[in-house]
Amino acid sequence: MRAVVWDGPGQALSVEEIPTPQPQAGEVLVRVAASGVCHTDLHVIKGEVAFPAPGVLGHEISGHVEALGEGVEGFEVGDRVVGAFIMPCGRCDQCRAGRDDMCATFFAENRLKGNLFDGTSRLTRQDGSRLSMYSMAGLAELAVVPVTALAHLPEELPLEESAVLGCAAFTAYGALARAHEDIRGRSVAVVAVGGVGSAIVQLARHLGAGPIIAVDVDDDKLAAVQALGADVVINSRTTDAQEAALAATGGMGVDLVLEVLGRPETVELGFSLLREGGQLVVVGIAAGAATAAIPITPMVRRGMSITGSFGARTRRDLPEVVRLAAEGAFDVRRTVTRRFSLEEAPRAYDLLDAGQIQGRAVVVMDRSDGDRPSRWERGGVEAVIP
């Protein structure tokens with residue numbers, strides 16, 4: 001099969017022919033239709049997040065079940081599926097407590113070592129040398145996925161675009177689930193409105209939040225997210241974001257702020273938008289050991305809180321994310337703004353690094369005609385960036 005192989009920080013991504021992996025007990029082999037292009041992969045590519053090279057990245061996928069490992073129930077060959085980036089083992093203390101998002105085995109074996117639950121990878125190069133797996137290693141034509149990380153995809157949802165349900169929408173759902181209270185009627189601000197940020201805006205709108213405030217430094221991204229449901233858009237490069245947020249909330253500040261980029265300045269900006277008793281949920285993954293300066297005394301005196309959110313609880317929440325998308329709470333067609341062939345995956349990450357991808361891009365496995373605009377772009381909502 002073809003796969004995009006990463007040889008380490010500073011090395012160019014390459015498309016290689018590698019042996020087809022085989023699923024083991026409790027695993028499913030998925031013929032990948034599409035894999036999302038995410039900033040977390042980019043952090044790994046640039047060496048900002050530690051991960052053992054060489055390996056295959058890609059952690060949100062859609063496709064069809066190709067083969068079943070021993071003991072797999074609930075799925076059949078040919079089923080349409082989506083896979084989430086958090087792949088819970090289902091057996092550790094955290095999983096038994098329902099905290100799939102904190103699965104000790106997943107973090108110890110996959111995120112630190114590039115393995116699946118048994119401590120080995122399913123991938124090698126043609127010469128037999130090992131390749132690490134970042135989640136299910138979805139930047140490939142076939143991917144082995146633990147059954148705990150899969151959900152059925154109904155026919156009414158498009159196959160390729162639905163890849164983003166496994167990280168962008170899944171992460172957005174998990175972030176909103178961290179809110180201390182029901183968000184209906186509460187003000188929500190999203191700082192950085194890329195793939196995950198635009199998903200949060202859509203889900204917050206569906207859940208009845210308002211006003212929904214989008215903050216970014218790119219006017220095109222802000223225009224796109226306004227079309228998805230943001231009530232107020234703020235370009236923090238040209239406007240005082242704190243003053244604009246106060247104006248949008250009657251001088252009170254924001255109830256719930258979600259930061260989605262992982263930079264110190266955006267975390268600090270998010271905190272500055274809060275009202276008394278407000279909550280900041282930090283979603284973005286930071287580069288290296290980055291830290292943010294938070295004013296301690298205002299946080300204490302005004303009863304503010306800060307919560308981290310890595311994702312959602314896969315076995316319970318991924319089917320719910322799919323259900324919400326099917327009922328229109330999250331529009332995968334409008335969220336996906338660019339498509340790339342597998343050979344063009346390196347270019348996709350270059351464009352992402354340059355800030356030239358709005359919403360979410362996907363790498364589509366069966367396309368050979370290069371980068372094309374999405375249906376949404378062809379409809380004239382957004383210009384194509386060459």
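In this predicted model, helix α4 passes helix α5 in a right-handed crossing. Helix α4 comprises residues 168-177 and helix α5 residues 195-206; their axes come within 8 Å and cross at roughly 55°. The two helices are therefore oblique to each other. On the α4 side, the contact is formed by Ala 168, Ala 169, Thr 171, Ala 172, Tyr 173, Ala 175 and Leu 176. Helix α5 contributes Gly 195, Val 196, Ala 199, Ile 200, Leu 203 and Ala 204. By residue class, this contact between α4 and α5 consists of 11 nonpolar and two polar residues, with no charged residue.

Helix α4 also packs against α10, at an angle of about 110° and with the axes 10 Å apart. That angle makes α4 roughly perpendicular to α10, and the crossing of this pair is right-handed. Here α4 supplies Ala 169, Phe 170 and Tyr 173, while α10 supplies Thr 314, Asp 317, Leu 318, Glu 320, Val 321 and Leu 324. The residues of this contact divide into six nonpolar, one polar and two charged.

How many of the 10 residues of α4 are buried? Eight are, so the helix is largely enclosed by the rest of the structure. The buried residues are Ala 168, Ala 169, Phe 170, Thr 171, Ala 172, Gly 174, Ala 175 and Leu 176. Their packing partners are α5, the strands β14 (254-259) and β15 (274-282), helix α10 (314-326) and strand β18 (360-364).

Two individual residues complete the account. Arg 80 is found in strand β6, which spans residues 80-83. With a relative accessible area of 12%, Arg 80 falls under the 20% cut-off and is therefore buried. Leaving aside residues up to four places away in sequence, Arg 80 touches Gly 63 and His 64, together with Ala 151, His 152, Leu 153, Pro 154, Glu 155, Leu 157, Pro 158 and Leu 159.

Glu 141 lies in the loop between β8 (130-133) and β9 (142-146).

How values were computed:
Residues numbered from 1 in each chain as written. Predicted model: local features only at pLDDT ≥ 70, side-chain atom pairs only at ≥ 80, totals over all residues. Heavy atoms only, no water. Axes fitted to C-alpha atoms, helices over the stretch in contact; angles between N-to-C directions. Helix = DSSP H or I, 4+ residues; strand = E, 2+ residues; numbered from the N terminus. Parallel < 35°, antiparallel > 145°, perpendicular 65-115°, else oblique. Left-handed = near helix turned anticlockwise from the far one by under 90°. Contact = heavy atoms within 4.5 Å. Nonpolar A, V, L, I, M, F, W, Y, C, P; charged D, E, K, R; others polar. Buried < 20%, exposed > 50% of the residue type's maximum accessible area, 1.4 Å probe, protein only.
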